[in-house]
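Hi there,

Here is the structure I promised to pass along. Have a look when you get a moment, and below I'll tell you what I found in it.

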Amino acid sequence: MSTVNINQLELLKKNIELLEKIHQIEVLRIVHKEQSNILNENKNGIYINMSSLDNNTLTLIKEYMKHIYTQEQELNVNEKVKEEFLKTYF
């Protein structure tokens, strides 16, 4: 059982919902690998009882999300550099 409070779980849930589908699937893979017994599936989708996630699984999810955000920031910086290069030399 996790020691994360409800507000933190709500924030994590909202952040996961904002991810692109490919990243949501990866979060699902993390949960399935660590705690497949808490997944529920029906015709509307797959549901996770987030209050049942243990600390290790939550840590893995948070690390993955941090990785995604870091990559996104690096891509944005690279795109800006690319745009400046194009403006300057072309």
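**Overall layout**

From the N terminus on, the elements run α-α-β-β-α, in a model that is predicted. That comes to three helices and two strands. The radius of gyration is 17 Å, well over the 12 Å that the globule rule gives for 90 residues, so the protein is more spread out than a compact globule. Along the principal axes, the C-alpha atoms fill a box of roughly 55 × 30 × 20 Å.

Buried residues make up 23% of the 90 residues. Of the contacts with a separation of 6 or more, 58% are between residues 24 or more positions apart.

**Helix H2**

H2 covers residues 21-35, and its 15 residues should span 21 Å at 1.5 Å a residue; the end C-alpha atoms are 20 Å apart, which agrees.

Which residues of H2 are buried? They are His23, Val27, Ile30, Val31 and Gln35. These cover an arc of only 95° around the axis, which puts them on the same side of H2. An α-helix has 3.6 residues a turn, so residues three or four places apart point the same way.

That buried set packs against helix H1 (6-18), strand E1 (39-42), strand E2 (45-48) and helix H3 (55-89). On the face of H2 turned away from the buried side sit the exposed residues Lys21, Ile22, Arg29 and Lys33.

Best wishes

Methods. Residues numbered from 1 in each chain as written. Predicted model: local features only at pLDDT ≥ 70, side-chain atom pairs only at ≥ 80, totals over all residues. Heavy atoms only, no water. Helix = DSSP H or I, 4+ residues; strand = E, 2+ residues; numbered from the N terminus. Expected span 1.5 Å × (residues − 1). Buried < 20%, exposed > 50% of the residue type's maximum accessible area, 1.4 Å probe, protein only. Arc of directions from axis to C-beta. Contact = heavy atoms within 4.5 Å. Rg over C-alpha atoms; globule rule 2.2 N^0.38 Å.
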